Amino acid sequence: MIVTLANTWQTKEGFEILFKQHYESLCDFVFGMVKDYDASEDVIQELFVKFWEKRNDFPDDISIKAYLYRAARNMALNQIKHFEIKNDFNLFNREEMSDAEQSIGNPAETSELQKMIAQAVNKLPPERKKIFLMSREDGLKYKEIAEELNISIKTVENQMGKALSTLRTELSDYLPAIIIAICIGIK
Amino acid sequence: MSDQYPHIDENAIAKYLSGEANATEINELMDWMESSDENLEEFIRYEKLWSESSVHKHFNVQKAWSKVNLRISKKKRRFNPYYLSATAAAAAFIIIVIFVQFFNTKPTISSPQFAIASTNSALNSTLPDGSFVLLSKHSKIEYAFDSQKQIRLAKLSGKAFFSVKRDTKHRFIVETNRGGVEVLGTKFSINETKNKDVKVYVLSGRVKVFLVRAPKDTLSLIITNGEKALIMASNDTIIKQAQKASAFYTINKTYTINKTITFRNMYLPAVMAKLEKCYSVNIKIDDSVDKKLRFSSSFKDNSLNEILTVITQTLNLDYTKKGDTYYITNENDE
């Protein structure tokens with residue numbers, strides 16, 4: 001029964017579900033490495049195309065999530081090697097790099113989890129909340145936040161870590177439990 | 001968080017997710033993540049919190065899916081566009097930016113195979129050899145393949161951006177009235193300043209800079225990565241200088257590289273500023289108009305009027321043109 005579930009991503013419909021489930025998280029994940037939103041999307045799209053091409057070659061007991069993250073990591077590292085060259089090239093192709101920084105993604109509908117997070121953020125100590133929002137809402141870098149508030153980068157780091165830690169504790173009930181859903185029962 | 005990985009805590013994760021982690025920190029986090037499924041799951045939970053804690057969505061799943069769906073629906077792909085874009089930069093093209101002031105004397109090639117001239121707006125085109133060229137306003141280029149010398153020769157007045165197709169058998173030479181550039185390597189730009197000095201910037205690769213009046217190769221200079229050559233108008237000499245990396249950047253900022261204009265949820269003033277730059281016009285936004293309005297769309301080869309119509313209708317605004325200036329107003333102002 002579980003095995004048939006594991007194979008759903010070999011069909012187009014199942015693959016679409018898999019894609020939509022993991023796309024954003026994987027993009028967020030490689031962003032930490034490549035530090036460029038467009039490049040992150042390129043990497044993950046490429047990853048899924050490759051995954052689709054090889055879908056019939058995977059062993060039945062593969063942990064998809066672990067596979068995707070590992071592959072994303074490798075491809076991102078590979079991407080970083082090409083990145084300098086590509087970056088040069090992009091300078092010519094992009095009219096203004098700063099546009100990418102100015103542009104802001106579409107505010108999506110607010111999910112239940114987002115509401116809970118917003119409430120938890122509101123309850124953070126004022127300074128910590130301010131720092132967290134400067135990073136998440138205004139998209140400022142640690143250095144910029146530090147300069148703006150006249151504090152050290154280390155303080156920004158600590159405050160960000162503490163904010164994240166608080167959210168993790170407060171919202172533990174709303175976060176996915178430990179399941180690597182697809183491979184459970186197969187191992 | 002884990003005895004084995006003392007450096008991995010919320011700070012490290014927050015740092016990584018915000019793109020602030022350095023290579024060592026990234027590696028440590030990766031090792032931690034891969035050491036167990038629990039760690040991976042824990043990371044994914046933080047990541048979820050992180051992405052949901054911002055209202056700004058950087059990634060559009062639906063759009064990405066249509067792209068990927070298109071790619072996997074094609075039976076056999078000829079090449080891998082992801083890697084191509086990287087290698088293209090290294091191998092397939094040579095990129096040149098040239099600024100040369102308009103001289104009274106017209107550049108002429110006895111029988112140009114191809115000539116384009118721009119008037120009040122930028123113009124892009126492909127040369128017969130496949131090279132891409134974008135002419136800034138009031139510029140002109142003539143191109144011919146010299147079958148005797150087996151060279152590709154372009155003569156330029158004004159400013160131009162080139163993306164030169166690689167062809168090692170047939171050299172590509174750009175001539176201006178004062179000096180010229182022969183493409184030997186990968187990427188460079190030429191820039192002529194107001195006092196008619198010509199500046200050549202090399203980003204990577206090699207180019208040869210020569211003086212037009214001097215016999216070729218007697219007065220020339222090869223410059224490479226990170227260097228800048230200056231052809232002095234006053235005494236026809238070439239000087240080599242170290243180049244600031246930012247030089248390229250500034251040059252390109254003033255350009256529309258192609259006529260595809262994309263706005264990704266930009267604020268109205270930023271949208272208009274971009275249009276002003278691309279179409280060389282003045283656009284004034286009325287004080288009564290909400291500056292927080294945002295706009296997203298992409299236009300390819302549309303006229304300014306078309307673009308303004310779409311934007312204003314979308315945002316319930318209006319626009320009028322008086323002289324060279326466009327005025328953006330609220331709709332009910334009419």
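Analyst: Let us begin with helix axes, which are lines fitted to C-alpha atoms, for helices over the stretch in contact, while angles run from 0 to 180 degrees between N-to-C directions. Helices themselves (H or I, at least four residues) and strands (E, at least two) are DSSP runs, numbered from the N terminus. This is a predicted model, in which local features need pLDDT of at least 70 and side-chain atom pairs count only at pLDDT 80 or more, whereas totals for chains, interfaces and linings use all residues. Residues are numbered from 1 along each chain as its sequence is written, chains are lettered from A and ligands numbered from 1 in the order in which they are written, and side-chain values use heavy atoms, with hydrogens and water left out.

User: At what angle do helix α7 and helix α8 of chain A pack?

Analyst: Angles under 35 degrees count as roughly parallel, over 145 as roughly antiparallel, 65 to 115 as roughly perpendicular and the rest as oblique. In chain A, helix α7 (residues 126-136) and helix α8 (residues 142-149) pack at about 135°, their axes being 10 Å apart, and α7(A) and α8(A) are therefore oblique to each other.

User: Which residues of α7(A) and α8(A) meet?

Analyst: Contact means heavy atoms within 4.5 Å. On the side of α7(A), A:E127, A:K130, A:I131, A:M134 and A:S135 meet A:I145, A:E148 and A:L149 of α8(A).

User: Where do the axes of α1 and α3 of chain B come, and at what angle do they cross?

Analyst: Helix α1 (residues 10-17) of chain B and helix α3 (residues 37-52) of chain B have axes that come within 11 Å and cross at roughly 55°. The contact is made by B:E10, B:I13, B:A14, B:Y16 and B:L17 of α1(B), together with B:F43, B:Y46, B:E47 and B:W50 of α3(B).

User: Is B:G19 buried or exposed?

Analyst: Buried means under 20% relative accessible area, exposed over 50%, and partly exposed in between (1.4 Å probe, protein chains only). B:G19, found in the loop between α1 and α2 (23-35) of chain B, has a relative accessible area of 15% and is therefore buried. Not counting residues up to four places away in sequence, B:G19 touches A:F31, A:G32 and A:K35.

User: How many helices and strands does chain A have, and what share of its residues is buried?

Analyst: Chain A has nine helices and zero strands, and buried residues make up 49% of its 187 residues. Among the contacts in chain A with a separation of 6 or more, 63% are between residues 24 or more positions apart.
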